[in-house]
Amino acid sequence: MADRTVRGHPGQFPAFDESRPDGPVASDRDPVGSRPDVVFSDTHTVIVTSASNAFRAEYRCVVGRPLLFLDVDGPLIPFGGPPDWYPAYQEPAAGNPLLARVNPAHGPRLQKLGCELVWATAWEHHANSYVGPILGLPELDVVTWPEPSIVEAVYDEDLGLHWKTRALVRWAEGRPFAWIDDELTEADQDWVADNYPEDALLHRVNSVVGLRDTDYVTLSRWLSECGG
Ligand SMILES: [Mg+2]
């Protein structure tokens, strides 16, 4: 038995036969070349068991749950105001005094949104080491940042695109996504609207105050509108 997790959108995976929830699926799009059986399906997850003479594999396909790309500096570590504006919620960690500004209450609020949280920050994997534990979050997927091609770099500079924008669109792979960041601009919002066919919310957070109630309201409203 080999297990794989396959990320994609519903159109990439075999159709779910509602009349036979535990039976074979009438589809020739089996990713391993044999007829799959759907053993479980809901709005967000399809688990396909595929059998052949050679081997048996289980595909756990996360198909519809919206992503939430999380920036750290700005939304979760506010900055730019007088230092005494910011309460210290805990002792600084990792020699970084700014980590004291991470409000642990954001963890449950973010999880309650019901989307798949993904770190999208220059902290990269350090976010799982130092920020996630303060928030009580499990280890999350992390977007890493490839070097753009020279053509893309020149083009994006002309457009005024943020350096994260293309990488996030590629990472989302057709899934609905929200992105909270203190640096994204209207140029990013316009470009994603023109170049990404699925639902996407690019929401700018004020870095001086970090995530606020109004930001959560915006996220919740968008998530309810796109089925989150
Ligand atoms: Mg930031």
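These legends describe close-up views of a predicted model.

**View 1. The five-stranded sheet.** An open sheet is built from five strands in the order S7-S6-S5-S8-S9, and the pairing is parallel. Its edge strands are S7 and S9 (200-204), each of which pairs on one side only. In general, strands of a sheet pair through backbone hydrogen bonds, either parallel or antiparallel.

**View 2. Strands S5 and S6 with helix H1.** S5 (residues 67-70) pairs with S6 (residues 116-119) in the parallel sense, over four bridges. Within this pairing, Leu68 stands opposite Leu117 of S6. Together with helix H1 (residues 106-112), the two strands S5 and S6 make a right-handed β-α-β unit.

**View 3. Strands S6 and S7 with helix H2.** S6 and S7 (residues 141-142) run parallel and are joined by two bridges. Trp119 has Val142 in S7 as its bridge partner. A right-handed β-α-β unit is made by S6, helix H2 (residues 126-135) and S7.

**View 4. Strands S8 and S9 with helix H6.** S8 (residues 177-181) runs parallel to S9, and five bridges join them. The bridge partner of Ala178 is Leu201 in S9. Helix H6 (residues 213-225) packs on the sheet, where it touches S8 and S9; the direction of H6 makes about 175° with that of S9.

**View 5. The buried face of helix H4.** In helix H4 (residues 165-172), the buried residues are Thr165, Arg166, Leu168 and Ala172. Seen down the axis of H4, these residues fall within an arc of 165°, so they line one face of the helix. An α-helix has 3.6 residues a turn, so residues three or four places apart point the same way. The buried residues of H4 pack against S5, helix H3 (150-159), S8 and helix H5 (186-195). After H4 comes Glu173, which has a positive phi, near 50°.

**View 6. The largest nonpolar core.** This core has 35 residues, and those with the most contacts inside it are Phe69, Leu70, Val118, Ala120, Ala178 and Trp179. At least two residues of the core come from each of S5, S6, H2, H4, S8, H5, S9 and H6.

**View 7. The surroundings of Trp179.** Trp179 is among the core residues with the most contacts inside the largest nonpolar core. With neighbours within four places in sequence left aside, Trp179 is in contact with Phe69, Ala120, Leu168, Leu184, Leu202 and His203.

Note on methods
Residues are numbered from 1 along each chain as its sequence is written. This is a predicted model: local features need pLDDT of at least 70, side-chain atom pairs count only at pLDDT 80 or more; totals for chains, interfaces and linings use all residues. Two strands pair if DSSP finds at least two bridges between them. A crossover is right-handed if, with the strands pointing away from the viewer, the path from the first strand over the helix to the second runs clockwise. Two residues are in contact if their C-beta atoms, placed from the backbone, lie within 7 Å. Axes are lines fitted to C-alpha atoms, for helices over the stretch in contact, and angles run from 0 to 180 degrees between N-to-C directions. A residue is buried if 20 or more other C-beta atoms lie within 10 Å of its own, exposed if 12 or fewer, and partly exposed in between; C-beta atoms are placed from the backbone. The arc is that of the directions from the helix axis to the C-beta atoms. A nonpolar core is a set of buried Ala, Val, Leu, Ile, Met, Phe, Trp, Tyr and Cys residues joined through C-beta atoms within 7 Å.
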